[in-house]
Amino acid sequence: MDKPVQQSSTGEWDRVWVNANLATMVAAHDGVSGYGEIKDAALAVRGDRIAWMGSSAEALARARSQDVAVTDCGGAWLLPGLIDCHTHLVYGGSRVEEFEKRLCGVSYEEIARAGGGIQSTVNATRAATPESLLESATVRALRLMDEGVTTLEIKSGYGLELSVERRLLEVARELGRRLPLSVRTTYLGLHALPKEAAADRAGFVKQVSGPWLEALAASGLIDAVDAFCENIAFSVAETEQFLHAAQRLGVPAHVHAGQLSDMGAAELAARFGALSADHLEYLSAPGAAALAGAGTVAVLLPGAYYMLRQTTPPPVPFLRQAGVALALATDCNPGTSPCTSLLLALNMGCTLFGLTPHEALAGVTRHAARALGLQTDIGTLEVGKRADFALYRIDRPAELCYALGANPCASVVYGGVAR
Ligand code: DI6
Ligand code: FE
């Protein structure tokens, strides 16, 4: 006879957190509560998974009879570990001089066209050692982690030659091995045309889409690809060539779309079933509808919008109306978003783009997980999902969006283990 499955059998929990308010971030069906709240609750883990959620009283009774380690959260709010689903975290040098120039009236596009901008970070990155790249990226990752980030997407794109792109992806993977942090890597093959390829755009795109992509994929270094589809970067046709190549290899895509102009990049991303289309300040209603149809997540990046002092925000009402899932990320990069605070991105998402605090928080949890294709494993507090979560000393979840420059994160649990 089959043994009945007993939720409460001895040894089922390794540890339980009690006296917490859970914001599970599970999509609401009642239309009232947007955070999937469970007040006065407890959460138990087994291995690296969430094993149980319920009342503190029940958890305490069970824990006592079964000798389970108990952590008292003292009424803190417990949220899924935050996910920063769009960063360019690994790079050499700084762009503070460009920041000064921009404040003297030179535009981002002018700087880029004059060989500065991304190209200047490419020069500094090519000259950097792997050790120094790892060191500077670690500093940035630790800042994000301090606020409760447990999953981080990192793009290459500042090498623009195979050996350096490989180095950036290896450093990103190494970061994930050294820190209690899940790292997802993205090969941003089409970020800028490097100066040595100025006379042969087509040749560069062919190399990126062919032998370079194949080599990096074969080395197991990439989880996805990305391209900067923009008038100062790569055309729709060039991006399409790269996305085709990735599709043939079964590698999913993100697309930098509509940051400075609407070239139809969102429609392209949708056509390829991309995981996400990112930026989207310039997006038409049909573009939003295409994203909705494809289930492509819109990743909004208010840090870049703010730093570039842009004035056209993404059309959030279109996106909402079309039913597109909205994520938020730091876009941490030296040029347009030197931002290592996902909490600041939450605030900017609300104040600059008009997101509600619930939308913003879903954007760094449930929807960010979807933007990385990880929605079955992370992004919400649910039994069976990874036990990645953060505790915050706040009275209500919206406080995470409200405060500027505060960090109420009290502790972080990564894979069931306190970090
Ligand atoms: N869009 C961005 O905002 C960053 N990359 C991109 O494709 C900027 C990168 C930089 O300026 O270094
Ligand atoms: Fe970016």
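A residue is called buried here if its relative accessible area is under 20%, and exposed if that value is over 50%. In this predicted model, Thr 150 has a relative accessible area of 1% and is therefore buried. Thr 150 has its place in strand β7, and, leaving aside residues up to four places away in sequence, it touches Gly 81, Leu 82, Leu 181, Ser 182, Asp 388, Val 412, Val 413, Tyr 414 and Arg 419. Leu 352, by contrast, is 202 residues from Thr 150 in sequence and 25 Å from it in space, taken from C-alpha to C-alpha.

Strand β7 belongs to an open sheet of eight strands with parallel pairing, in the order β6-β7-β8-β9-β10-β11-β12-β13. The edges are taken by β6 (82–84) and β13 (326–328), each of which has a single partner strand, so one side of each lacks a neighbour in the sheet. From one strand to the next the twist averages 25 degrees. Helix α6 (residues 162–178) packs on this sheet, where it touches β7 (149–155) and β8 (182–190), and its direction makes about 170 degrees with that of β8. Elsewhere in the sheet, strand β10 (residues 254–257) and strand β11 (residues 276–279) run parallel and are joined by four bridges; Val 255, for instance, has Ala 277 in β11 as its bridge partner.

| Donor residue | Donor atom | Range of distances for the four donors |
|---|---|---|
| His 86 | NE2 | 2.1 to 2.3 Å |
| His 88 | NE2 | 2.1 to 2.3 Å |
| His 256 | NE2 | 2.1 to 2.3 Å |
| Asp 331 | OD | 2.1 to 2.3 Å |

The four donor atoms subtend angles of 83 to 168 degrees around the iron ion, and the arrangement is therefore irregular. In sequence, the donor residues follow the spacing H-x1-H-x167-H-x74-D. His 86 lies in the loop between β6 and α2 (96–103), while Asp 331 lies in the loop between β13 and α13 (342–351), so this pair ties together parts that are 245 residues apart in sequence. Both His 86 and Asp 331 are buried.

What, finally, can be said of how α13 is enclosed? Eight of the ten residues of α13 are buried, so the helix is largely enclosed by the rest of the structure. The buried residues of α13 are Leu 342, Leu 343, Ala 345, Leu 346, Asn 347, Met 348, Gly 349 and Cys 350.

Note on methods
Residues numbered from 1 in each chain as written. Chains lettered and ligands numbered in written order. Predicted model: local features only at pLDDT ≥ 70, side-chain atom pairs only at ≥ 80, totals over all residues. Heavy atoms only, no water. Pairing = 2+ DSSP bridges. Helix = DSSP H or I, 4+ residues; strand = E, 2+ residues; numbered from the N terminus. Axes fitted to C-alpha atoms, helices over the stretch in contact; angles between N-to-C directions. Contact = heavy atoms within 4.5 Å. Buried < 20%, exposed > 50% of the residue type's maximum accessible area, 1.4 Å probe, protein only. Donors = N, O, S within 2.8 Å, 3.2 Å for Na, K, Ca; no water. Tetrahedral: all angles 85-135°; square planar, octahedral: opposite > 155°, others 65-115°.
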